[in-house]
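Please keep the sequence and the model in view while reading.

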Amino acid sequence: MPPAHPFDDDKLREECGVFGVVGVKDAANFVALGLHALQHRGQEAGGIVSHDPVEGFNSVRRFGYVRDNFTSQDVMATVPGPLAIGHVRYSTAGSKGQTAIRDVQPFFGEFAMGGAAIAHNGNITNANALRRELIERGSIFQSSSDSECIIHLMARSMGRSIPDRMEEALRKVEGAFSVVAMTRTKLIGVRDPLGVRPLVLGKIGEGYALSSETCALDIIGAEFIREIEPGEMVVINDKGVESHFPFRRQPSKFCIFEHVYFSRPDSILGGRSVYETREAIGRELAKENPVEADLVCPVPDSGTPAAIGYSLASGIPYAMGIIRNQYMGRTFIEPTEQIRNMGVRLKLNVNRALIEGKRVILVDDSVVRGTTSRKIKEMILDAGAKEVHFRIASPPTAWPCFYGVDTPDRDKLLAATMTEEQMAEHLAVDSLKFISLDGLYRAVGESTGRDTACPQYCDACFSGEYPVTPSDMIERGFEMKAAAE
């Protein structure tokens with residue numbers, strides 16, 4: 001499936017959202033609502049598995065948006081029962097851009113003690129080695145997804161219950177995983193020992209919900225209870241929530257880019273409002289990189305809170321200098337080269353009356369390849385801007401992510417091959433400045449900045465310091481950062 005828009009590949013994309021509900025009537029309907037709230041985490045495909053005491057396990061998997069696939073009464077009637085889990089995805093491991101329906105999660109397996117389904121957010125960094133070993137021992141894989149390894153490892157486990165088998169399987173897995181799974185009677189949630197990807201617990205009536213983000217709890221009227229801790233497994237049934245820690249405790253390495261871009265601004269991460277954190281990032285950016293200008297304008301929508309923070313700290317007026325077309329969907333037909341060349345203008349339009357004759361600060365969340373930044377800059381200049389200054393609410397993205405984010409190869413990342421000054425020249429802007437890594441850490445609540453000896457977050461995309469060795473990628477020739485680099 002091609003990118004949604006001509007410039008969508010110029011953003012880092014979180015790859016998956018997971019959601020599960022137990023103890024409510026027609027649980028799949030709640031899951032569909034939760035997945036709709038998590039749509040920003042994956043727009044390629046979605047799936048739901050449910051269990052009903054009479055009808056057993058049922059599933060439905062579709063390509064495209066939740067709203068287009070999981071709102072029909074006829075479809076939702078095929079997944080009855082008080083227990084269900086769901087998944088929205090882009091592809092990370094697997095056939096990028098040419099996903100088959102068999103790659104769409106949740107995955108289901110039938111074991112001696114009954115069936116189980118699993119939905120996984122993250123990326124298994126030793127999946128190739130596991131897959132080879134499992135195939136040599138007779139496993140038959142149905143998909144190209146790394147997540148299917150977990151089902152096969154569970155099948156080979158000698159654990160006496162499905163949670164035991166899942167625990168044993170996940171001990172063999174390296175990388176990042178937030179898992180929502182289900183048996184006939186239990187909803188299960190697990191986070192990897194470093195807690196790279198998010199997972200939260202909520203209460204709805206007499207039942208419970210697990211979700212990638214708190215915003216999806218809001219949509220179903222669930223009360224946010226707490227985050228699942230790094231390395232924690234929760235098993236939820238009609239008796240309540242059981243928690244234990246099957247993995248060796250390690251310092252948390254939550255993905256700092258969740259604060260910058262991936263999570264919805266109305267979610268709560270680590271007890272902090274994502275919106276308020278992004279506004280704080282803008283304030284830090286203004287302190288570190290001031291410039292004389294007439295307007296602060298966000299690049300919609302992800303740059304908006306940081307632009308507000310930059311305006312408040314700098315005293316420069318905030319303005320919606322770029323307007324986003326809210327109705328530019330994935331199904332837009334681009335029949336001619338002329339239409340394709342319109343690029344960004346299909347989705348964004350400059351508010352000429354505000355921009356003309358002004359010195360403009362454009363605030364965006366990141367620069368990946370730089371293609372979008374160049375096009376937006378050209379639009380601003382075409383509208384009569386006197387100067388264009390880019391301020392970026394994250395440090396330069398110089399390294400690929402291997403923990404569940406679709407990142408270009410390193411040689412396609414602008415910051416991997418150019419200095420800040422060279423990037424500004426390449427983009428042909430009056431100035432380009434990024435927030436520092438210490439400034440980003442301060443904005444997310446670490447008052448003393450980044451602990452270089454033991455960073456408080458996973459920031460590998462900025463620093464090149466990977467908390468879990470990406471063994472599959474090294475096998476393919478990826479070169480890690482040299483110690484002195």
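Two strands pair if DSSP finds at least two bridges between them; helices (H or I, at least four residues) and strands (E, at least two) are DSSP runs, numbered from the N terminus. The model is predicted, so that local features need pLDDT of at least 70 and side-chain atom pairs count only at pLDDT 80 or more, while totals for chains, interfaces and linings use all residues. Residues are numbered from 1 along each chain as its sequence is written, and side-chain values use heavy atoms, with hydrogens and water left out.

Four strands make up an open sheet with parallel pairing, in the order 18-21-22-24. Its edges are strand 18 (295-298) and strand 24 (431-434), each of which pairs on one side only. From one strand to the next, the twist averages 20°; axes are lines fitted to C-alpha atoms, for helices over the stretch in contact, and angles run from 0 to 180 degrees between N-to-C directions. Four bridges join strand 22 and strand 24 in the parallel sense, and His-389 stands opposite Ser-431 in strand 24. Helix 10 (residues 304-314) lies across strand 18, strand 21 (359-364) and strand 22, where contact means heavy atoms within 4.5 Å. This helix runs at about 165° to strand 18.

The aromatic side chains come next. Rings of Phe, Tyr and Trp (its six-membered ring) pair if their centres lie within 6.5 Å; planes under 30 degrees apart count as stacked, over 60 as edge-to-face and the rest as tilted. Twelve aromatic pairs are found in a search of the whole structure. In one of them, the ring centres of Phe-177 and Phe-247 are 6.0 Å apart and the planes stand at 70°, so the pair is edge-to-face. Phe-177 belongs to strand 8 (residues 175-182), whereas Phe-247 is in the loop between strand 14 (240-244) and strand 15 (254-255); the pair thus links distant parts of the chain, 70 residues apart. Phe-177 counts as buried because its relative accessibility is 1% (buried means under 20% relative accessible area, exposed over 50%, partly exposed in between, with a 1.4 Å probe and protein chains only). Phe-247, at 11%, also counts as buried.

Tyr-403 and Tyr-466 form another edge-to-face pair, at 6.3 Å centre to centre and 70° between the planes. Both residues, Tyr-403 and Tyr-466, are buried. Together with Trp-399, Phe-402 and Phe-478, they form one aromatic cluster.
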